[in-house]
Amino acid sequence: MSSSLGTLFKISTFGESHGKGVGVVVDGCPANLTLSEADIQGQLDRRRPGQNALTTPREEADQVTILSGVEDGLTLGTPIGLLVANQDQRPGDYNNTSNVPRPSHADYTYQMKYGLRASSGGGRSSARETIGRVAAGAIAEKFLREVCGIEIVAWVSAVGTVDGAVVDMESVSRAVIDRSLVRCPDPVASAAMEEQVRLALAAKDSVGGIVSCVCRQVPAGLGEPVFDKLQARLGQAMLSLPACKGFDLGSGFAGTRLHGSVHNDPFVQKGDRLGTSSNYSGGVQGGISNGESIYFRAAFKPPATIGQTQQTADFEGQTVDFAAKGRHDPCVVARAVPIVESMAALVLADLFLQQKMRW
């Protein structure tokens, strides 16, 4: 089972949702980067469960412990081990899933591939696996910020049928985004999104949404021109997230409705470099960053675990009525915001180190 991402800045996550803990090993982080647990904890706090009435009530502090790779506040250049203990496991909530593959979950496919699966919480398919990604992403983000000033900001741009207003991607900040329970910087849309989540929760149902992300101050030259295009690496990272069903960069699918005369990004002089007067390309041309802000969207489906009784089949093919137990999010996008930021940071850090080898 592959649990690793990256080439030079490489991470390997470990742990199951209802095991003793989850974590990550970060291999390839350069030496002499100032790093403490506080540098990592902020993003974990934004991801953790139980933040408000619109998220899962599972109570986890998600406190990170640095096990290795850091001494006297500086990275050693050796593997960095990070661990977060699970403190609120309830494996008994999954007793009724032992012979029933949950609809739209990984229970059936894991069983078919491996011949067994984690007995509770989905194991590695649980969103709790993303703790390791966020912890590693916080390190990648700190590295990128210190070496070249890259800023990564994500926000919720849609929940269900509610779309947020167009955001100024060059100025939007996490501080503004985090004022909203659903992490949407548009106050009017935020209220409507919250209502959509509340209605789904009251109906023991769930709802999907879209997370948008901008990466600012990315230098030109990151990415490869053929199979390892920057947008391909970002797309792989986002689509590897639980519940993520779609990815688009720049104008994305909407760009198909434009003519080339409108969609093209003409070059202009910007200070001491060439830039573009528009950015339908989303900061990437030919698979390589062009120095403009990179922006993309990731679409997340409604969470599969709902409290409604559903008619399905057990592993023997017998029709059964199934109602999920446990504590789950009625909508994942608000908590997905720091996860999307972290995955973008991991991709960019890896590509930056690859490009640095050529500079």
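**A guided reading of the predicted chain**

At a relative accessibility of 10%, glutamine 41 counts as buried, where buried means under 20% relative accessible area, exposed over 50% and partly exposed in between, with a 1.4 Å probe and protein chains only. The model is a predicted one, in which local features need pLDDT of at least 70 and side-chain atom pairs count only at pLDDT 80 or more, while totals for chains, interfaces and linings use all residues. Residues are numbered from 1 along each chain as its sequence is written, and side-chain values use heavy atoms, with hydrogens and water left out.

Glutamine 41 sits in helix α1, which covers residues 37-47; helices (H or I, at least four residues) and strands (E, at least two) are DSSP runs, numbered from the N terminus. Its side chain reaches the backbone oxygen of aspartate 62 at 2.9 Å, and the side chain of glutamine 41 also reaches the backbone nitrogen of valine 64, at 3.0 Å. When residues up to four places away in sequence are not counted, glutamine 41 touches Ala61, Asp62, Gln63 and Val64, a contact being heavy atoms within 4.5 Å.

The secondary structure of the protein chain comes to 8 helices and 18 strands. The radius of gyration is 21 Å, close to the 21 Å that the globule rule gives for 359 residues, so the chain is as compact as a globular protein of that length; the radius is taken over C-alpha atoms, and the rule is 2.2 Å times the number of residues to the power 0.38. Taken along the principal axes, the C-alpha atoms fill a box of roughly 65 × 50 × 40 Å. Buried residues make up 50% of the 359 residues, and among contacts between residues at least 6 apart in sequence, 71% join residues at least 24 apart.

The chain exposes about 16300 Å², of which carbon and sulfur atoms supply 53%; accessible areas come from the Shrake-Rupley method with a 1.4 Å probe, and for residues only the protein chains shown count as cover.

Serine 104 lies in the loop between β7 (80-85) and α2 (107-114), and its phi is near 65°, a positive value in a residue other than glycine. Lysine 204, in the loop between α5 (187-202) and β10 (209-216), likewise has a positive phi, of about 55°, although it is not a glycine. Serine 104 is exposed, with a relative accessible area of 63%, and lysine 204 is exposed too, at 53%.

The loop between α2 and α3 (130-148) holds arginine 128, and arginine 117 lies in the loop between α2 and α3 as well. Arginine 128 counts as buried at 4% relative accessibility, whereas arginine 117 is partly exposed, with a relative accessible area of 23%. The side chain of arginine 128 makes a polar contact with the side chain of asparagine 86 at 2.6 Å; a polar contact is a pair of N or O atoms within 3.5 Å, where within protein one must be able to donate a hydrogen and the other to accept it, and residues adjacent in sequence count only if both atoms are side-chain atoms. The C-alpha atoms of arginine 117 and arginine 198, which are 81 residues apart along the chain, are separated by 32 Å.
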